[in-house]
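Keep the structure open as you read.

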Amino acid sequence: MCGGGLLITGRSLIWFLVTLIACMTLLAAIVLPKWLIGPEEIKIDSLEGNFSIYRHPSVGIYNRCKRMGRSEYNCGNFDLYGLATDISIFPFQWKITMFLMCLGNLLLASTLVCMLVTCCRVHSIFGFSMHKLLGIFQGIAAMMELCGYMAYPFGWEEPRVKTLCGLDAEPFAPADCTLGVSIYLGAIGTVLAFISAMLSAKAESAYYSSKAQRFVEEGQVLVCVP
């Protein structure tokens with residue numbers, strides 16, 4: 001696969017790991033229905049009846065968890081027709097969040113695959129530095145994630161959120177709701193995406209360091225430098 005050999009640096013490894021963590025964190029933020037947590041407490045009895053679990057209704061970007069019947073707790077999607085779902089069910093602002101965050105994460109994941117190519121000593125494409133191109137694409141992905149993330153609170157004035165959080169809910173003020181784990185995962189993932197874009201320059205400098213290039217010139221197939 002890598003006819004010219006492998007060149008792995010400590011900085012490129014850190015760059016890869018940060019990007020991987022960013023992708024996984026953002027994916028978790030997208031799929032978990034835990035962006036807003038409602039104040040209602042739902043008691044769920046075990047099948048044996050010897051203990052109870054307490055849950056709270058919650059909502060994500062395209063899914064929710066809520067009480068069904070008297071004591072049943074159900075999680076499911078409300079984007080029945082994807083982005084074509086009626087805005088009274090799937091708020092327009094959340095459609096923007098869904099589109100931008102998914103597209104941004106897909107682009108970020110694509111750069112993750114391309115990083116493996118740089119380890120095969122493929123340092124340029126059409127005359128452009130691979131590291132610089134990947135850094136630019138990661139910056140674009142991070143901006144998509146940020147814009148999508150910031151669009152989400154503008155949907156807090158919609159009926160779905162007012163039902164969950166109270167009539168006083170408005171953009172950036174969720175009334176009686178609390179922020180769920182997905183909000184924090186989205187923030188962490190977005191920050192890590194920006195850090196990944198900046199780390200591309202560090203990885204490139206390590207790639208072209210005199211020590212790494214000396215090993216390459218000596219004909220070593222596997223080059224690992226800190």
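A word on burial to begin with: buried means under 20% relative accessible area, exposed means over 50%, and partly exposed is in between (1.4 Å probe, protein chains only). What you have here is a predicted model, where local features need pLDDT of at least 70, side-chain atom pairs count only at pLDDT 80 or more, and totals for chains, interfaces and linings use all residues. Residues are numbered from 1 along each chain as its sequence is written, and side-chain values use heavy atoms, with hydrogens and water left out.

Start with Leu17, which lies in helix H1; helices (H or I, at least four residues) and strands (E, at least two) are DSSP runs, numbered from the N terminus. Leu17 is partly exposed, at 42% relative accessible area. Together with Leu13, Leu20, Met24, Leu27, Val31, Leu32 and Val181, Leu17 forms a nonpolar patch on the surface, with about 640 Å² of accessible area in total. Patches take residues with over 30% relative accessible area and no salt bridge, joining like charges within 9 Å and nonpolar side chains (Val, Leu, Ile, Met, Phe, Trp, Tyr) within 5 Å. A salt bridge is a side-chain nitrogen of Lys or Arg within 4 Å of a carboxyl oxygen of Asp or Glu, and areas come from the Shrake-Rupley method with a 1.4 Å probe, only the protein chains shown counting as cover for residues. H1 supplies the largest share of this patch, 6 residues.
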